[in-house]
Amino acid sequence: MPVTPQQLIQRKQQERPIVVLTAWDYAIAQILDQTGVDVILVGDSLAMVALGYETTLPITLDEMLHHAKAVRRGVKNALLVVDLPFLSYQESPQQALHSAGRVLKETGAQAVKLEGGYPAIAETVSRLVQAGIPVMGHVGLTPQSVRQLGFKQQGKSPEASERILSEAIALEQAGAFAIVIEHVPSDLALNITQKLTIPTIGIGAGGHCDGQVLVTSDVLGLSTWKPPFAKSYLDLHDLIKNAVQAFADEVRSHQFPES
Ligand code: KIV
């Protein structure tokens with residue numbers, strides 16, 4: 001049976017860390033799913049890591065749906081969550097319902113994620129949840145607000161820290177089943193994690209969250225740029241280059257194929 005939002009909430013109570021990774025195609029999704037990752041996120045970061053944009057802003061809902069359908073075909077066990085991209089939900093709760101509905105109907109994903117908090121986004125989350133759509137929130141550094149926030153750490157001042165905490169609480173009250181906390185000081189992430197009954201999933205937010213997420217191309221060493229808090233467990237960029245070079249050398253020297 002696939003992982004459910006309810007099981008993630010239980011995992012927080014049991015203090016069993018939740019593992020979340022992003023995927024943008026069938027092959028990657030299949031590998032992640034086979035390793036037992038709990039949640040696979042079709043993050044809008046795919047705009048940058050798979051489509052070559054400088055920010056997540058240009059990606060459209062149709063492009064997200066296209067990638068999410070491919071990922072869906074590779075995922076059997078993990079909870080599949082899809083990001084609603086920039087301006088596919090901010091206009092009104094009705095717009096959000098339409099976009100999230102398309103994600104669930106057309107891709108078979110179990111949940112959506114959207115960025116931001118109090119008050120408009122919390123209201124939108126509440127509307128989606130009332131319609132039976134599980135929602136993951138996202139606070140702190142929200143990349144869809146890059147033109148306002150940059151890619152900088154958030155929540156450093158007492159006021160900013162208080163605002164992010166109240167956004168997280170508002171999202172929980174609106175019915176979100178989990179919240180990503182991105183690039184904030186670890187004591188703020190700890191405070192949020194202790195105040196919420198739903199799990200927090202950290203990225204660049206220290207080690208006190210109920211789970212951790214990274215962008216898979218950073219983990220694999222495939223990204224040309226990665227944020228300071230990301231960790232690579234492999235240098236796939238160089239491995240691919242070496243393999244391609246070896247193939248090209250063998251073709252040029254008539255070693256491949258063996259005749
Ligand atoms: O788009 C994404 O990949 C994300 C993760 C960084 C949480 O939102």
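Me: How far is an oxygen atom of the ligand from an N or O atom in the side chain of Asp83?

Reply: The model is predicted, and the distance is computed from it. Asp83 is among the residues that surround the ligand. Between an N or O atom of the Asp83 side chain and a ligand oxygen atom, the separation is 3.1 Å.

Me: What percentage of the accessible area of the ligand does the protein cover?

Reply: On its own, the ligand has 260 Å² of accessible area. The part of this that the protein covers is 96%.

Me: In which pocket does the ligand sit?

Reply: Ser45 belongs to the shell around the ligand. Ser45 is also one of the residues closest to the centre of a pocket with about 600 Å³ of volume. The ligand sits in that pocket, the largest pocket.

Me: Which helices and strand each supply at least two residues of the lining of the largest pocket?

Reply: The lining has 34 residues, with Met48, Val49 and Asp218 among the closest to the centre. By class, the lining holds 17 nonpolar, nine polar and eight charged residues. The elements that each give at least two of the lining residues include α3 (46–49), β6 (178–182) and α10 (216–219).

Me: What is the volume of the second largest pocket?

Reply: This pocket has 21 lining residues, and those nearest its centre include Glu115, Gly116 and Thr142. Its lining divides into eight nonpolar, nine polar and four charged residues. The volume is about 410 Å³.

Me: After which helix is the place of Pro257?

Reply: The peptide bond from Phe256 to Pro257 is cis, and its omega is near -5°. Pro257 is in the segment that follows α11 (236–252).

Me: Which residue other than glycine has a positive phi near 65°?

Reply: The residue is found in the loop between β3 (79–83) and α5 (93–107). The residue with this phi value is Leu87.

Terms used. Residues are numbered from 1 along each chain as its sequence is written. This is a predicted model: local features need pLDDT of at least 70, side-chain atom pairs count only at pLDDT 80 or more; totals for chains, interfaces and linings use all residues. Side-chain values use heavy atoms; hydrogens and water are left out. On a 1 Å grid over the protein atoms alone, a cavity is a set of points where a 1.4 Å probe fits but cannot get out, and a pocket is an open set with protein on both sides within 12 Å along at least five of seven lines; lining residues have an atom within 4 Å of a point. Grid points are joined across faces, edges and corners, and a volume is the space filled by probe spheres set on the points. Helices (H or I, at least four residues) and strands (E, at least two) are DSSP runs, numbered from the N terminus. Ala, Val, Leu, Ile, Met, Phe, Trp, Tyr, Cys and Pro count as nonpolar, Asp, Glu, Lys and Arg as charged, and the others, Gly among them, as polar. A residue is near a molecule or strand if one of its heavy atoms lies within 4 Å of it. A polar contact is a pair of N or O atoms within 3.5 Å; within protein, one must be able to donate a hydrogen and the other to accept it, and residues adjacent in sequence count only if both atoms are side-chain atoms. Accessible areas come from the Shrake-Rupley method with a 1.4 Å probe; for residues, only the protein chains shown count as cover. A molecule sits in a cavity or pocket if more than half of its atoms lie within 2 Å of its grid points.
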